[in-house]
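Hi,

Here is the structure I promised to pass on to you.

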Amino acid sequence: MSMQLSQDDDRTIIRWLMAVATLSLWLALSSITLADDSADGIQRLPNIVMIIADDQRYSDFGFMGNARVHTPNLDELARGSAIYTDAYVPSSVCRPSLVTLLTGLYPHQHGVHFNHPPPGFAKLTKSPEIDKGEFDRLRQQAIRLIRDRPTLPRILAARGYRCFQTGKYWEGHWKNAGFTEGMTIAQPSGGRYGDKRIASGDWVAHGNGDHGLAIGRETMKPIAAFLDDVRQDPFFLWYAPFLPHTPHDSPEKFRRAVAANPDVKPHEIPYFAAIMQFDDTVGKLIGMIDEREMGDDTLFVFVADNGWAPDPAKFRNSTNQWDHTSSSKRSPFESGVRTPLLIRWAGRTKAARHSALVNTIDLVPTLLEAAGIENGPTELPGISLWASAVGKQTLSKDRAVFGEIYPGDASMIGAPEQDLAYRWVRIGSHKLIVPASHGTRQPWNNYLKSPALFDLLRDPQESNNLIDDPDLAGVVATLSKAIDDWWLP
Ligand SMILES: [Ca+2]
């Protein structure tokens, strides 16, 4: 039987041949691109490991000049890193700061300006009528703020990354922020940390990470299992152990090592021991990656979510530990908002110290550039630090960094300006802190009653308010304009 082709069949065949030709050309071009990448040893998609200290002051690292703390593993990481000594988190408390790392947005932009949604932590946990179902429903109110955002893990997952959440994380289930796997599921874990018994008698997940809080403090096994499973896939690891955060209940070996130094004061021992414990887990983590020969393909970032400093006058009998100073965690001062920032991708980044001011809003654009991802979110306020990290650019010394401070409880979701307590800005050595005005209400926590100006080079403790110095009127005007241009609610 002879085969007769109709005109329609001819067109079908021609279209098919053209499709094959197009696909072949695309494959050829793709293989050229891949060949180019492998020829000079560049992997297109680096693994990204984000190491986040929880409650550690910027100065309390060996590589930042404190010889009384034990941070050998972080010091080793720093030796090979682009070190940003004057980095800042916009907000000096966990959740808003962590969501900035996930989104690249300021708290007033991402909307998670609080640790606890309405009606606030005391009412959530102490009202007998709020049972577990109601507690979970009230916490869930805030989840849309992260679920509807192009977060770093969501963007990376769309490019084929496997994204694993461990440790501190307040956004409910790990899925909500776009991770592909994780430990935190917004249910009580029965573990040592992260559960809370509320007034109704029910056990609930406190909100800060539940099952995830076992990482570092109790186990590293979930990370080992993840690394064994990812094989050739690029991965993003969120490593935010609940350290050196309170409770400062570190194993005795860390306390003994810290206390052996006569220059360490009693009130510093529990906190310094927790720092040493945290650093020990960082060593284990990097060792696990090196053992699997993944080190050359892995970009490490280190940052603290906020500062913390022990107050010798605040001993708590109930916990046998010291509480933090009023000028560190939660405050607009340096011991709250400043952090070192490390970026290391062996063979790519250049070991150097950078004193230019940077902000953790810069990390999402930096990491997207490092991974060669060009079509990320367009409205990010930060700048990519990648060119400076690889030694191809010196950052401007004129840049302003900004931040915003809130109480831990939100009065309302979707209106951060209602809860705003302080805004701050730094340019060069000068820092201006502006309390928010809410009628007759005093600024939250009474850090300041009116705007204050500090010269951080001459007065790193921020004890000498220069706001009325006639010689600095121009500086005050410049900083005031900068902060209002940034955000004037
Ligand atoms: Ca924290």
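Below is what I found, going from the whole chain down to single residues.

First, the ground rules. This is a predicted model, in which local features need pLDDT of at least 70 and side-chain atom pairs count only at pLDDT 80 or more, while totals for chains, interfaces and linings use all residues. Residues are numbered from 1 along each chain as its sequence is written.

**Confidence**

The chain has a mean pLDDT of 92, and 91% of its residues reach 70 or more; pLDDT is the predictor's confidence in each residue, from 0 to 100. Two stretches are ones to treat with care. Over residues 1-6 pLDDT stays under 50, and the model has 1 contact for them beyond four places in sequence. Residues 19-42 also stay under 50, with 2 contacts beyond four places in sequence. Two residues are in contact here if their C-beta atoms, placed from the backbone, lie within 7 Å.

**The whole chain**

The secondary structure comes to 16 helices and 17 strands. These are DSSP runs numbered from the N terminus, with helices being H or I of at least four residues and strands E of at least two. Along the principal axes, the C-alpha atoms fill a box of roughly 100 × 60 × 50 Å.

Of the 489 residues, 45% count as buried. A residue is buried if 20 or more other C-beta atoms lie within 10 Å of its own, exposed if 12 or fewer, and partly exposed in between, with C-beta atoms placed from the backbone. Among contacts with a separation of 6 or more, 67% are between residues 24 or more positions apart.

**Cores**

The largest nonpolar core has 104 residues, and Met50, Ile51, Leu237, Tyr239, Val301 and Leu342 have the most contacts inside it. Helix H11 (residues 269-291) gives the most to this core, with 11 residues. Domain 1 (47-396) and domain 2 (421-486) both give residues to the core, so it lies between them; the domain bounds come from an automatic or database domain assignment. A second, separate core has 6 residues, including Leu124, Ile130, Phe135 and Ala205. By nonpolar core I mean a set of buried Ala, Val, Leu, Ile, Met, Phe, Trp, Tyr and Cys residues joined through C-beta atoms within 7 Å.

Leaving aside neighbours within four places in sequence, Val301 is in contact with Met50, Ile51, Leu342, Ile343 and Leu363.

**Around strand S8**

Thr298 sits in strand S8 (residues 298-304) and counts as buried, with 21 C-beta neighbours inside 10 Å. Thr298 and Asn47 are 251 residues apart in sequence, yet 4.4 Å apart in space, C-alpha to C-alpha. Beyond four places in sequence, the contacts of Thr298 are Pro46, Asn47, Val49 and Ile289.

In helix H2 (residues 72-79), the buried residues are Asn73, Leu74, Leu77 and Ala78. Seen down the axis of H2, they fall within an arc of 140°, so they line one face of the helix; the arc is that of the directions from the helix axis to the C-beta atoms. Strand S2 (82-88), H11, S8 and strand S11 (338-345) are among the elements that cover them.

**Backbone points to check**

Most residues other than glycine have a negative phi, and most peptide bonds are trans. Which bonds are cis here? One joins Pro118 and Pro119, with omega about 10°, and Pro119 lies in the loop between helix H4 (107-110) and helix H5 (121-126). The bond from Thr246 to Pro247 is cis as well, with omega near 0°.

Two non-glycine residues with positive phi are also worth a look. Glu293 has phi near 55°, lies in the loop between H11 and S8, and is exposed, with 8 other C-beta atoms within 10 Å. Arg330 has phi of about 80° and counts as buried, with 25 C-beta neighbours inside 10 Å.

Best wishes
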